[in-house]
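Hello,

Here is the structure I promised to pass on. Please open it next to this email and follow along.

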Amino acid sequence: MARRRRPVENPFAGTENELVTPKWRSAAFETQARNTSLWRMVLRLPDTARYLAARAWAQRPTIVVLVLITTAVSGVASGVGLYSTASVLRQLFTTAPTPQRLLAAVPAVLVVMSALAVQRLADAISQYGTEVTSVLMRRACGEEVFTASITVPVSAYDDATWYDARELASQSGSMHVDGAWTRMVTAVGSLTGLAATATTLALLDPMLLPALLISVVPDSWAALSNSRALYDMMRRLSPFRRRRWLIERLADNEEAAPEIRAYQAQPALLAELAKFGDILQDEELALASRQARTRLLGRAAGGVGLGLAYALLGLFVLIGRVPLPVAGSALIAIQTSRARLADVVLAVNRLYEESLYVNAFREFLRDCADRVRPAVAGRAPTAPETYEFAHVSFAYPGSEKLVLHDVTLRIRRGEKVAFAGLNGSGKTTTAKLLAGLYLPTSGRILRDGVDVAQVDPDSLFDGVAIVMQDAIHWPVSLADNIRYGRPDRHDLDDTALLAAAAAAGADDVAASAPHGWRTMLSKQFVLGTHLSGGQEQRVAIARALFRQGSLLIADEPTASLDALAEARIYRSLAELDEDTTCVLITHRMASVRTCTKIYVFDEGRVVAEGTHDELMSLGPGTRYHDLYQVQAAAYQSPDALSTAS
Ligand SMILES: Nc1ncnc2c1ncn2[C@@H]1O[C@H](COP(=O)(O)OP(=O)(O)OP(=O)(O)O)[C@@H](O)[C@H]1O
């Protein structure tokens, strides 16, 4: 019988403060929240409406025109219908004999019926047009968020607020922008209808209009206030939802699945999930109760208002200001106007609600655009003769701690250079700066004397191929995983692909994959498979070789490879043409030996540079010598590792 597992206490307990005031929530976030006051947001509605109309227009102008015309026709038809209803009543309340009264009412009845038919037809066409535009907008918005996210500089990924904004924008793009457009059309339709019915009421007696207003204002206030509270909560809880989502994602994460089970981490993860679940639930329940109170208050005040409206009408009949047949029509007009006004309030409220998300969507796109360095005319040299770091210091965005200090180095075209040093000494960071992924905090990085900060940022990547420390695979076929190295490459008969694959040993991977080159690199697909770490690394190297860049940066490219595969990779790197500059980062000191120059890093500084022989000649006690010696000695004597420090 399976032993019952004792519940594990939440190992993350004690982080409550972090939850109350999450450290990842910035001051900018708070300011932004204050700037979305109810009044401010209402004032922004026309701007949102313009934005939505422009977006819809950009999709299908003819449909937008159709929607506008049919919406207006529907509103006018409803007004005509109501006015004719009043005429029918007036005819029926006259003192003439019944057959005559009925006959006299027939034309007005026909008008009511026609108006109703026109209104229904116009509504149906308008709804169809709105839905078509919605579908197109939804797709466009999703693609815009995606494009902005994959083009923003990598520094955005160092900013926790960017993730929150992205989550909100992606939700808004997939549901709310098109939703806002639909609400806007509904709001315009309801407003037109209201204008028509209010005009009818005013024609009967203008004094009835204020009475109508009193009965609807409280409800409207309650609805708007509740929308605002909901949005506030969504925004405030965004970091928590993201934290929970990240944990939830572990459930379908193929890589995490074995560790979760092997470490028996399920209860701990569940506790972590529950921690955020509790916070979200408490907030949502508190909001529901606050909204219920506000709604109740609004309805009660609205009921009193309606009573006042009826009392006023009764008073007018009593003092003879309004004859009884007109009072009957006025009663219908008040009810219809009230329903119309309620429609308007509902539509405007929904529009207001959606507009908050539209603004979040727009803010995110603006923010991403602001983060992108403006394109300038100058381009970086694609195959420079020299790469130079001149007194470069660097702190990651959002951090004041320098991780590189005064780094100066010079790499010439065709050189095979290595970065060596302890963990965290700054090798990968230097490589990222060299690739153009970040700009230095101080100092300059030059390619052929051109400052990389002064050229078109995109041009920096033109000749760069990079193998990252953790080889990634894309959720596409094995062949495409290599082609992504240079998607625009014209590769007749896949000659270049096969050559790159052979040089990296990825041809063997394809040969053993269940569907060859068509195998999808994810088990979530029918044709999918799971590659071993070494196989993934071979594919990543093939991708970099396929790119044929002038600068190849390989960060721990062979960490997961067997000795034979590793030897094959180093042979391929050695055979790179003499114009290709190669920067190798590795802890395997034997691989570093053959490099033309080695930079030794220590705590963010370059502490030595030279060839293997030059660095070894510096003798014991120097960083390179000791690193090399420990590994070399381990092959000679098993005791070497236990004495290394
Ligand atoms: N995105 C980041 N934001 C903040 N700090 C970072 C970031 N990436 C790295 N660091 C910090 O920068 C320092 C240098 O890291 P880097 O990855 O360059 O070291 P490394 O020499 O490549 O180490 P390893 O040999 O372990 O790969 C480390 O202290 C690390 O914590």
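Start at A500. Leaving aside neighbours within four places in sequence, A500 is in contact with I482, A542, L545 and F546 (contact: C-beta atoms, placed from the backbone, within 7 Å). This is a predicted model: local features need pLDDT of at least 70, side-chain atom pairs count only at pLDDT 80 or more, and totals for chains, interfaces and linings use all residues. Residues are numbered from 1 along each chain as its sequence is written.

A500 also belongs to the largest nonpolar core, which has 68 residues. A nonpolar core is a set of buried Ala, Val, Leu, Ile, Met, Phe, Trp, Tyr and Cys residues joined through C-beta atoms within 7 Å. Buried means 20 or more other C-beta atoms within 10 Å of the residue's own, placed from the backbone. A542 and I553 are also among those with the most contacts inside this core. Helix α16 (residues 533–547) gives the most to this core: seven residues. Helices are DSSP runs of H or I, at least four residues, numbered from the N terminus. Another core, of 56 residues, lies apart and includes L168 and A309.

A309 is also one of the buried residues of α10. Helix α10 (residues 266–318) has 53 residues. Its first and last C-alpha are 75 Å apart, close to the 78 Å expected at 1.5 Å a residue (1.5 Å times one less than the number of residues). Just after α10, G320 takes a positive phi of about 80°.

Best wishes

Technical notes: Helix = DSSP H or I, 4+ residues; strand = E, 2+ residues; numbered from the N terminus. Buried ≥ 20, exposed ≤ 12 C-beta atoms within 10 Å, placed from the backbone. Contact = placed C-beta atoms within 7 Å.
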